[in-house]
Amino acid sequence: MLQRRTLLGAALALPAQALPAPGGGARAQAAYPDRPVRVIVGFAPGGATDITTRLLAPRLQAALGTTYPVVVENRPGGSGNVATQAVVNATPDGHTLLMGTISALAINPSLFTDLGFNPQADLTPIGLFADVLNVLVVPVDRPWKTLPELIAAAKAKPEALNYSSSGIGGAGHLGGALLDHLAGIRTTHVAYRGGGPAMTDLVSGKMDFSFATAPTALPLIEAGKLRALAVPTARRSPLLPDVPAVAETVPGFEVANWYAMLGPRGLPQPVAARLSAALREALADPQLVSALSHHGAEPRPSTPEALARFLKQETEKWRPILQASGTRPE
């Protein structure tokens, strides 16, 4: 009884805004947010990370139950490092968040000798967001109709074919590097500051192929400006059932692409818990699920603890592959 009275007295002494709102869970702190919430994306507008995060933003605002908007801010550069650094340096109050990618969170720690931060130590996990399909595409004016034809052309002229990606260490770059390694070819990688600019040069014919994200590639495939040759998943995608998997030609080929939300280190646990619950609630919205599916993305809700384990596993998975490939920042 004494312990109960002591706890009750301590609770009554707290400022009103610090008390849990009725219902708890995703509404753990009534004072949060008290201004717009920024979600920083590490790539230029028009790419998959940007497109899917903008689809999420209004649903996340609704799940947070706030009139303050959730806004997307683009900070391209350094394969996502510029955006990650901005969030690492941000005040840990839940108003600045990161939409991280496989490159920024799992590849760059092994790729760059001195990042200036450690994604696993300097960020607070909130939850996984989505898996995003990539598609191997070529401009429609190129002669190759199949992946074997593209590989044959690359073997005939080593390093003559160029492929674009949204940045060093991203899923698009890894796809090209892995294809070179497993198919025994040599192509030239050209990194851009996002999927949008990379697609612009691919469609114009300046590039020969790309492992592009579905949100940027599908509209151009449907418009007849790009031709889909393969998907880099272990099996064919229901979104493009007539397009073969790369593994059907190159056994063992698979490159996954995923996004996750994190905040700065030191994010208060009630705020992190509220954001995580709101993210999972948003990802259960049928309209968002449908919109993401239309863009080749599949919701992948998780707990913060599951995301922390996943980041460690992905970083350890890609480290030896990067070392063996000799991939370096350009």
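Which residues in H9 are buried? In H9, the buried residues are Ala214, Pro215, Thr216, Ala217, Leu218, Leu220 and Ile221, where buried denotes under 20% relative accessible area, exposed over 50% and partly exposed in between (1.4 Å probe, protein chains only). This is a predicted model, in which local features need pLDDT of at least 70 and side-chain atom pairs count only at pLDDT 80 or more, while totals for chains, interfaces and linings use all residues. Residues are numbered from 1 along each chain as its sequence is written, and side-chain values use heavy atoms, with hydrogens and water left out. Helices (H or I, at least four residues) and strands (E, at least two) are DSSP runs numbered from the N terminus.

**Covered helices**

- Helix H9 (residues 214–222) is mostly covered, with seven of its nine residues buried.
- Glycine 224 follows H9 and has a positive phi, near 80°.
- Helix H3 (residues 81–88) is largely enclosed by the rest of the structure, because six of its eight residues are buried.
- Those buried residues of H3 are Asn81, Ala83, Thr84, Ala86, Val87 and Val88.
- The cover over them includes strands E1 (37–41), E3 (96–101), E4 (123–132) and E10 (258–264), together with helices H4 (102–111) and H5 (119–122).

**Packing of H2**

- The axes of H2 and helix H11 (residues 286–294) come within 10 Å and cross at roughly 175°; axes are lines fitted to C-alpha atoms, for helices over the stretch in contact, and angles run from 0 to 180 degrees between N-to-C directions.
- H2 is therefore roughly antiparallel to H11 (angles under 35 degrees count as roughly parallel, over 145 as roughly antiparallel, 65 to 115 as roughly perpendicular and the rest as oblique).
- Thr52, Leu55, Leu56 and Arg59 of H2 make this contact with Gln287, Leu288, Ala291 and Leu292 of H11, contact meaning heavy atoms within 4.5 Å.
- H2 and helix H10 (residues 269–282) pack at an angle of about 120°, with their axes 8 Å apart, which means that H2 is oblique to H10.
- On the H2 side, Leu56, Arg59, Leu60, Ala63 and Leu64 meet Arg274, Leu275, Ala278, Leu279, Glu281 and Ala282 in H10.

**Threonine 66**

- Threonine 66 is placed in the loop between helix H2 (48–64) and strand E2 (70–74).
- Threonine 66 counts as buried because its relative accessibility is 14%.
- A polar atom of the threonine 66 side chain lies 3.0 Å from the backbone nitrogen of tyrosine 68.
- Apart from neighbours within four places in sequence, threonine 66 is in contact with Pro33 and Gln61.

Conventions: A polar contact is a pair of N or O atoms within 3.5 Å; within protein, one must be able to donate a hydrogen and the other to accept it, and residues adjacent in sequence count only if both atoms are side-chain atoms.
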